[in-house]
Amino acid sequence: MTTSHCFSRPQGLTALLLLALALAAPLARAFELPPLPYAHNALAPVVDEQTMQIHHGKHHKAYVDNLNAAVAKEPALQGKSLEDLLAGISRLPPAVRNNGGGHWNHTFFWASMKPPGQGGAPSAPLLAAIDRDFGSLDAFKAAFKTAGTGRFGSGWVWLILTVDGKLQITSTPNQDNPLMDVVTERGIPLLGNDVWEHAYYLQYQNRRADYLEAWWQVVDWQAVSSRYAAAAK
Ligand SMILES: [Fe+2]
């Protein structure tokens with residue numbers, strides 16, 4: 001009996017733990033932190049290695065973890081795509097808005113950059129649209145920088161394609177983005193830059209304008225051009 005009791009309680013606990021893990025596993029797997037598409041030091045000297053480690057491994061991971069925790073409390077949301085959640089975000093809890101936006105925005109952000117000098121140039125169709133809607137590539141970059149420096153507090157600056165086929169620069173606070181139904185200036189994001197201090201403060205301190213200026217060196221224009229081609233169809 002003694003032996004039996006010695007083994008039955010741990011086995012019972014183990015079974016309960018396994019059951020809890022089995023129940024939790026589908027939720028924990030719902031959204032996952034994507035690996036960076038390059039090494040943490042690949043964007044240096046524009047973005048330093050430590051910033052990338054903290055930004056991806058701590059900040060982005062926290063958005064993913066907190067999004068999964070928020071969705072776990074809402075059975076009706078489980079199994080929905082992130083884009084579906086964002087499109088109806090006005091009806092969802094703030095934790096889904098903040099962390100769902102954080103997860104989408106950062107995933108998009110990592111895929112918008114390449115090591116310095118490897119991002120290529122805008123495609124001919126994208127450059128033509130930039131010339132049409134902003135006057136020139138330099139004018140577009142200047143307006144994008146102005147939008148980034150003008151964002152008070154934390155947020156993002158975007159290049160979007162609107163429903164009427166125009167390119168537009170917008171900015172959103174916190175982790176909002178142009179896919180959310182709470183945002184006035186909606187559209188298909190083609191490019192986005194993170195102007196939260198966590199994105200640049202270790203290297204640039206309070207010099208957000210310098211970060212915005214240097215950031216063009218790591219923009220992946222091939223990715224932006226592909227997004228434009230897909231969105232313009
Ligand atoms: Fe960020």
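Three strands make up an open sheet, ordered E2-E1-E3, with antiparallel pairing; two strands count as paired if DSSP finds at least two bridges between them. The model is a predicted one, in which local features need pLDDT of at least 70 and side-chain atom pairs count only at pLDDT 80 or more, while totals for chains, interfaces and linings use all residues. Residues are numbered from 1 along each chain as its sequence is written. Helices (H or I, at least four residues) and strands (E, at least two) are DSSP runs numbered from the N terminus.

E2 and E3 are the edge strands, each pairing on one side only. On average, neighbouring strands of the sheet are turned by 25 degrees against each other, direction ignored; axes are lines fitted to C-alpha atoms, for helices over the stretch in contact, and angles run from 0 to 180 degrees between N-to-C directions.

Seven bridges pair E1 with strand E2 (residues 167-173) in the antiparallel sense, and Leu161 has Leu167 as its bridge partner in E2. The two strands form a hairpin with five residues between them, and Gly165 in the turn has a positive phi of about 80 degrees. E1 is also joined to E3, by six bridges, and these strands run antiparallel. Here the bridge partner of Ile160 is Pro189 in E3. Helix H6 packs on the sheet and touches E1, E2 and E3, its direction making about 15 degrees with that of E2. Contact means that the C-beta atoms of two residues, placed from the backbone, lie within 7 Å.

The sheet leads on to the nonpolar cores. Such a core is a set of buried Ala, Val, Leu, Ile, Met, Phe, Trp, Tyr and Cys residues joined through C-beta atoms within 7 Å. A residue is buried if 20 or more other C-beta atoms lie within 10 Å of its own, exposed if 12 or fewer, and partly exposed in between, with C-beta atoms placed from the backbone. The largest core has 30 residues, of which Leu159, Leu190, Val219 and Val224 touch the most other members. Two or more residues each come from several elements, including strand E1 (155-161), strand E3 (188-194) and helix H6 (137-150). E1 gives the largest share, six residues. Apart from this core lies another, of 16 residues, among them Phe31, Leu67, Ala70 and Val96.

Val96 is also one of the buried residues of H4, which include Trp104 and Phe108. The cover over the buried residues of H4 includes helix H2 (49-72), helix H3 (82-87), E1 and E3.
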